[in-house]
Amino acid sequence: MPSNRLLRPAAALLSATTRRVKPTTCGRLYEAARQAHTSAQSLGISARPRPALRTTSRLPTVAPRGARSIFIQTETTPNPDALKFLPNHRVLPEEISTPFIEYLNPRSTIAPPYPSPLAAQLMAIDGVTAVFYGPDFITVTKSPDANWVHIRPEVFSLITEAITSGQEIVTVSKKEGGGEDGQETAEEDSLSYNENDSEVVGMIKELLETRIRPAIQEDGGDIEFRGFEDGYVKLKLRGACRTCDSSTVTLKNGIEGMLMHYIEEVKGVHQIMDQEEEIALKEFAKFEEKLRQQKGPDAAPTTPGKDSLDSVPG
């Protein structure tokens with residue numbers, strides 16, 4: 001009779017073999033495995049599983065200095081000129097209250113109050129026009145004529161290097177006079193509770209915070225509440241949604257419809273745009289008007305729908 005020392009590894013070996021080999025093709029081996037397993041059980045001996053390496057789908061948030069680990073996820077957005085990168089690492093420092101930081105030119109990446117070495121490197125990539133930081137994601141926007149095939153690997157490499165080396169993504173510095181030089185941020189969250197808000201404004205903020213913001217952040221952007229006047233909610237889209245062609249549809253069909261459904265005091269939504277955005281919108285409308293004249297009066301608009309780009313006065 002085999003000893004206990006031999007039964008334990010034999011049972012484990014045979015059990016492992018039966019998992020790899022089909023009983024129909026190796027009947028004798030399968031039968032021997034069953035007998036060995038039954039004998040081991042009758043003696044009160046249980047086969048221990050062979051030690052195995054533990055595998056996980058995620059790598060450590062911060063790898064040892066000098067190590068290079070690729071664990072960043074990328075997601076597309078409704079804006080074809082914007083990509084969302086999720087580094088599995090907090091992007092905005094916990095000590096700041098702003099829900100986002102947006103860099104619109106290279107100078108803004110070194111300007112107070114929130115300079116960012118990583119944003120400076122990303123803005124130096126040929127074709128990149130804006131960098132947006134959310135709580136745990138980074139959205140990079142490119143010019144329409146640039147190609148993601150060339151930009152994406154560089155962005156991926158820079159973010160990976162910054163995270164794995166332990167580099168601070170955002171530093172906090174004191175702001176001295178002047179403007180923000182293209183750095184768009186909010187000193188505090190515009191959707192946060194304010195004791196001076198009316199009941200209607202409080203309901204609007206709560207709905208924006210709980211139902212609308214998560215969806216917009218999922219698309220690589222964010223939303224700002226700019227006020228409520230004469231029944232109209234003033235909002236500004238950020239990040240990937242700021243330059244997206246479907247932003248008007250998002251505001252009118254999505255946000256406006258939801259606010260009007262739940263809050264009867266709301267009559268509509270107005271999108272707040274910067275001066276540069278208004279100029280670009282008018283120029284695009286003029287370009288579409290020229291295309292319609294070339295195609296004829298019966299040509300369909302490029303962006304149909306209420307308050308579309310075709311309705312913007314030239």
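Colleague: What sits over the ring of Phe137?

Modeller: The charged end of Lys84 does, 4.8 Å from the ring centre. A charge sits over a ring if NZ of Lys or CZ of Arg is within 6 Å of the ring centre and within 35 degrees of the ring normal.

Colleague: Before I go on, what kind of model is this, and how are residues numbered?

Modeller: It is a predicted model: local features need pLDDT of at least 70, side-chain atom pairs count only at pLDDT 80 or more, and totals for chains, interfaces and linings use all residues. Residues are numbered from 1 along each chain as its sequence is written, and side-chain values use heavy atoms, with hydrogens and water left out.

Colleague: Back to rings. How many aromatic pairs are there?

Modeller: A search of the whole structure gives 3. Rings of Phe, Tyr and Trp (its six-membered ring) pair if their centres lie within 6.5 Å; planes under 30 degrees apart count as stacked, over 60 as edge-to-face and the rest as tilted. Phe100 and Phe132 have ring centres 5.7 Å apart and planes at 20 degrees, so this pair is stacked.

Colleague: Where in the chain are those two?

Modeller: Phe100 is in the loop between β2 (82–86) and β3 (101–103), and Phe132 is in strand β4 (residues 128–133). Helices (H or I, at least four residues) and strands (E, at least two) are DSSP runs, numbered from the N terminus.

Colleague: Buried or exposed?

Modeller: Phe100 is buried, at 1% relative accessible area, and Phe132 is buried at 2%. Buried means under 20%, exposed over 50%, partly exposed in between (1.4 Å probe, protein chains only).

Colleague: Which residues do the ring pairs link into a cluster?

Modeller: Phe100, Phe132 and Phe137.

Colleague: Change of topic: how do α5 and α6 pack?

Modeller: Helix α5 (residues 199–218) and helix α6 (residues 247–262) pack at an angle of about 150 degrees, with axes 11 Å apart. Axes are lines fitted to C-alpha atoms, for helices over the stretch in contact, and angles run from 0 to 180 degrees between N-to-C directions. The two helices are therefore roughly antiparallel (under 35 degrees is roughly parallel, over 145 roughly antiparallel, 65 to 115 roughly perpendicular, the rest oblique).

Colleague: Which residues meet there?

Modeller: From α5, Ile204, Leu207, Leu208, Arg211, Ile212 and Ile216; from α6, Ile255, Met258, Leu259 and Tyr262. Contact means heavy atoms within 4.5 Å.

Colleague: Now the backbone. Which peptide bond is cis, with omega near 10 degrees?

Modeller: The one from Pro112 to Pro113. Pro113 is in the loop between β3 and α3 (117–123). The C-alpha atoms of Pro112 and Lys174 are separated by 6.1 Å, although these residues are 62 apart along the chain. Lys174 is in the loop between α4 (148–164) and β6 (183–185), and counts as exposed at 75% relative accessibility.

Colleague: What about the phi of Asn88 and of Asp230?

Modeller: Asn88 is not a glycine, yet has a positive phi of about 55 degrees. Asn88 lies in the loop between β2 and β3 and is partly exposed, at 31%. Asp230 also has a positive phi, near 55 degrees. Asp230 is in the loop between β7 (221–229) and β8 (232–239) and is exposed, at 62%. Most residues other than glycine have a negative phi, and most peptide bonds are trans.
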